[in-house]
Amino acid sequence: MSLDRDSIAKAAERLSGRIVDTPAQSVEADVLGLPHRVTLKLESLQHSGSFKARGAMNALLCSQVGSDGVIAASGGNHGAAVAWAAQTLRYPANIFVPSIISPRKLEKLQLYGAQVHITGSEYHDALSAARQFAEGHDCIELHAYDQIEVVSGAGTIAVEIDAQIADATTVIVACGGGGLAGGLATWWGTSKRLIAVETEGTKTWASARAAGKPVDVEVSGLAADSLGARRIGHLGWNALLSSQAESVVVSDEEVAAAQAVLATQFGVPSEPAAAAGLAGMLSGKTSISKDEHCVLVICGANSD
């Protein structure tokens, strides 16, 4: 299996009736003080509270699951999605998370019946612990952002955007490990302008572009629990590179301000990662013209 438009189209068929076809909400541009049209793609209303449910369910539906079920390492959202998918399909789930996980995300993991293991201070530590656990158990691992089935599932958002917002020219999305951004890039290639936004403490895509290859970054800041991969995944890197995706980096202060705008002006709760794209727009760093119709992917709402 390869990551391509066909794998995403098959994922969309596989997920039909199992995930939420999330709504698109038009925003009056003048309310934001912007010259262009904006539409919010509300993946915050997806099962488990984020887009991650798509990849988790698609991957489990594609897999032969052993007697010990499924394991996953996560900053929180992927873990919650895997726990939800496992509960839905009646598999046991062991989820490994770092100590920076938010109480809200921890609560969701417990709600879905997962066995939660808190270990280390960042995603990389949780991943190492999960793989040690797997060595002695009959289980499969679902990687948070660098597995074809997971990224293909995330890419189904692009299929929905094409159906809902046919005249969209530009898509802005947060980027951590590159799974979501990579899925969108795989579906559209260079046919849409894709802008991947990161925070100063989670800039895996910006750092990889500067180095010409994926490199490790120091993870910190407001969005570290959801965008806190130490380096961009190879699938995301290759897809973003081939689609000529752009890179924008915002500060934690800009993200917090964007979260407030989403909540107070549009009634849309969001976690820091989900507000990063709006932070890029409001800061002027995305440089979008008046003729563009911009879709902003609100990727999750699992914040405290």
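Which residues are buried in helix H11 (residues 234-242)? They are Leu235, Gly236, Trp237, Ala239 and Leu240, where buried means under 20% relative accessible area, exposed over 50% and partly exposed in between (1.4 Å probe, protein chains only). Keep in mind that this is a predicted model: local features need pLDDT of at least 70 and side-chain atom pairs count only at pLDDT 80 or more, while totals for chains, interfaces and linings use all residues. Residues are numbered from 1 along each chain as its sequence is written, and side-chain values use heavy atoms, with hydrogens and water left out. Helices (H or I, at least four residues) and strands (E, at least two) are DSSP runs, numbered from the N terminus.

- Gln244 sits in the loop between H11 and strand E9 (246-250), and at 63% relative accessibility it counts as exposed.

**Another positive phi**

- As background, most residues other than glycine have a negative phi.
- Arg90 has a positive phi too, near 65 degrees, and is a residue other than glycine.
- You'll find Arg90 in the loop between helix H4 (77-89) and E4, where its 77% relative accessibility makes it exposed.

**The four-stranded open sheet**

- The order here is E5-E4-E3-E6, with parallel pairing in an open sheet of four strands; two strands pair if DSSP finds at least two bridges between them.
- Strand E5 (115-118) and E6 are the edge strands with a single partner each, so one side of each has no neighbour in the sheet.
- Strand E3 (residues 70-73) runs parallel to E6, and two bridges join them.
- Val70 has Ile140 of E6 as its bridge partner.
- Helix H6 packs on this sheet, touching E3, strand E4 (93-97), E5 and E6, and its direction makes about 155 degrees with that of E3. For that angle, axes are lines fitted to C-alpha atoms, for helices over the stretch in contact, and angles run from 0 to 180 degrees between N-to-C directions.

**Strands E7 and E8, and Thr170**

- E7 and E8 pair in the parallel sense over five bridges, with Val171 opposite Leu194 in E8.
- Six of the seven residues of strand E8 (residues 193-199) are buried, so it is mostly covered by the cut-off for that term.
- Thr170 lies in strand E7 (residues 170-174) and is buried, at 0% relative accessibility.
- The side chains of Thr170 and Glu292 make a polar contact of 2.5 Å. That term covers a pair of N or O atoms within 3.5 Å; within protein, one must be able to donate a hydrogen and the other to accept it, and residues adjacent in sequence count only if both atoms are side-chain atoms.
- Beyond residues up to four places away in sequence, Thr170 touches Arg193, Ile195, Glu292, His293, Cys294 and Val295.

**Rings**

- The structure holds three aromatic pairs. Rings of Phe, Tyr and Trp (its six-membered ring) pair if their centres lie within 6.5 Å; planes under 30 degrees apart count as stacked, over 60 as edge-to-face and the rest as tilted.
- Tyr123 and Tyr145 form a tilted pair, because their ring centres are 5.8 Å apart and their planes stand at 50 degrees.
- Tyr123 is in helix H6 (residues 123-134) and Tyr145 in the loop between strand E6 (140-141) and helix H7 (148-164), so the pair ties together parts 22 residues apart in sequence.
- Tyr123 is buried at 9% relative accessible area, and Tyr145 is buried at 11%.
- Arg5 lies over the face of Trp187, at 3.8 Å from the ring centre; a charge sits over a ring if NZ of Lys or CZ of Arg is within 6 Å of the ring centre and within 35 degrees of the ring normal.

**Two buried loop residues**

- Glu122, in the loop between E5 and H6, is buried at 18% relative accessibility.
- A polar contact of 3.1 Å joins the side chains of Glu122 and Arg230.
- Ser50 is in the loop between strand E2 (37-42) and helix H3 (52-61) and is buried at 0% relative accessibility.
- Ser50 and Ser270 are 220 residues apart in sequence, yet their C-alpha atoms are 9.8 Å apart in space.

Terms used:
Contact means heavy atoms within 4.5 Å.
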